[in-house]
Amino acid sequence: MKIVHDYFIQMGGAERVVALMAEAFPDAEILTSATQYETLFPEFQGRKIRNSWMQHIPGINQHFKKLFPLYPFAFKSLGKISDEVVWMSSSGFAKWAEFTPETPVFCYCHTPPRFFWQPEGYLPYEVPNKAVQAVVKTMLPSMRKADFKAAQRMTHLIANSLTVQQRIKEFYQRDSVVIHPPVNVERFQVSRQSEDFYLIVSRLVGYKGLERAVVGLSKLGKRLIVIGSGPDKARLQSLAGPTVEFKGRLSDEEVTWHMQNCYAFVFPGLEDFGITPVEAQASGKPVLAFGGGGALETVKPGVTGMFFHQGTAESLAAIVPEFERQTWNPDVIRRHAEQFSEEAFLEKMLGLMERETGLQFPTKRPA
């Protein structure tokens, strides 16, 4: 078994999925383009990670997105990867790695790259300079063509949600199976205590639509705590009223405390899946979410949360009075979250690989 991932430079939901697979396969070699070792999740400590030559580029940890033209060459430089099976995690360039013909590749697709396929919701935030945007746009047709070709080389495509399954069909013209990503629900306990704040835990990047919550809850005078960091922080702070507090990046223990003591969790963007709303529900907390994307699969309206349906701060603010009149049952919310556990993910993922390859993996299986 080999594990292939885009890069380990920012730690987020995708890296938590890889961490679980790395734990399940402790002897598997991990291949990637580059790694920021200072911020790696503890699950990767002591693991053999093979980086490409991009690891040695000065300043790569700060400028890794700007270096996107180099990633195809970086993955090809890893050579032809060969093993009895490869498990891949990708929302970017890992698919462009090369494999021997007899190696089955199970690609867990977090999404086809937004950069190529949905640039209108991505480039204005990630590449704000208009002149650079114009240059990048000229490169997109060839990048989409190469990404399509790379996707055809995957033996199996696994989508992390119905939303991503639809994108795989539309962009790659391929069928896929849906296996929701794992959530460590055991890290959270049901809490019946609530302080007076709404909570967001997220990377602060433009496409996540966080301004809808920042502006909407500011206008209502509701207290909002935002945990996370990212390039959109200054813009969001400029939009926030005095009831919004930006905490920056916090430890897992501090995030857990906020999850278990918030009044409700807010998930205002159109996401592929969304692990943090499930973590909040594992704490027994309801979710106020934009009614699109992965939230439609993780939030049960009227039972574990509510949706606002227009992508505006006004639409979010309009649903708040009804949300606050609702009575929420923390135990029911928790039970709903448990279907997205790590055990459920491993059972489905390993079961699929074993059925398709005929192999029996000597790894710890859920009881």
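Modeller: Gladly! Let us begin with Arg50, whose relative accessibility is 30%. Keep in mind that this is a predicted model.

Colleague: Is Arg50 buried, partly exposed or exposed?

Modeller: Buried means under 20% relative accessible area and exposed means over 50%, with partly exposed in between. Arg50 has a relative accessibility of 30%, so the class is partly exposed.

Colleague: Which residue forms a salt bridge with Arg50?

Modeller: Side chains of opposite charge can pair when their charged atoms come close. For Arg50, the closest N and O atoms of the pair are 2.9 Å apart. The pair ties together parts that are 21 residues apart in sequence, because Arg50 lies in strand S3 and the partner in strand S2.

Colleague: Where do Lys95 and Asp147 lie, and how many residues apart in sequence are the parts they tie together?

Modeller: Lys95 and Asp147 form a salt bridge, with 3.3 Å between the closest N and O atoms. Lys95 lies in the loop between S5 and strand S6 (98-99), while Asp147 lies in helix H6, so the parts tied together are apart in sequence by 52 residues.

Colleague: Is Lys95 buried or exposed?

Modeller: The cut-off for buried is under 20% relative accessible area. Lys95 has a relative accessible area of 0%, so Lys95 is buried.

Colleague: Which residue meets Lys2 in a salt bridge?

Modeller: The N to O distance in this pair is 3.1 Å. Lys2 lies in strand S1 and the partner in the loop between strand S4 (80-81) and S5, so parts 81 residues apart in sequence are tied together. Lys2 counts as buried at 15% relative accessibility.

Colleague: In S2, what is the bridge partner of Val4?

Modeller: S1 and strand S2 (residues 29-32) run parallel and are joined by three bridges. Within S2, Val4 has as its bridge partner Leu31.

Colleague: Which are the edge strands of the open sheet?

Modeller: Seven strands form this sheet, paired in parallel, in the order S3-S2-S1-S5-S7-S8-S9. An edge strand here pairs on one side only, and that picks out S3 (49-51) and S9.

Colleague: Why is helix H8 largely enclosed by the rest of the structure?

Modeller: H8 spans residues 210-220, which makes eleven residues. Among the buried ones are Leu210, Val214 and Leu217. H8 is largely enclosed because the number of its residues that are buried is nine.

Colleague: Which residue has a positive phi although it is not a glycine?

Modeller: Most residues other than glycine have a negative phi. The exception you ask about has a phi of about 55°, and its place is the loop between helix H7 (162-172) and strand S9 (177-178). With a relative accessible area of 60% it is exposed, and the name is Gln173.

Terms used
Residues numbered from 1 in each chain as written. Predicted model: local features only at pLDDT ≥ 70, side-chain atom pairs only at ≥ 80, totals over all residues. Heavy atoms only, no water. Buried < 20%, exposed > 50% of the residue type's maximum accessible area, 1.4 Å probe, protein only. Helix = DSSP H or I, 4+ residues; strand = E, 2+ residues; numbered from the N terminus. Pairing = 2+ DSSP bridges. Salt bridge = Lys/Arg side-chain N within 4 Å of Asp/Glu carboxyl O.
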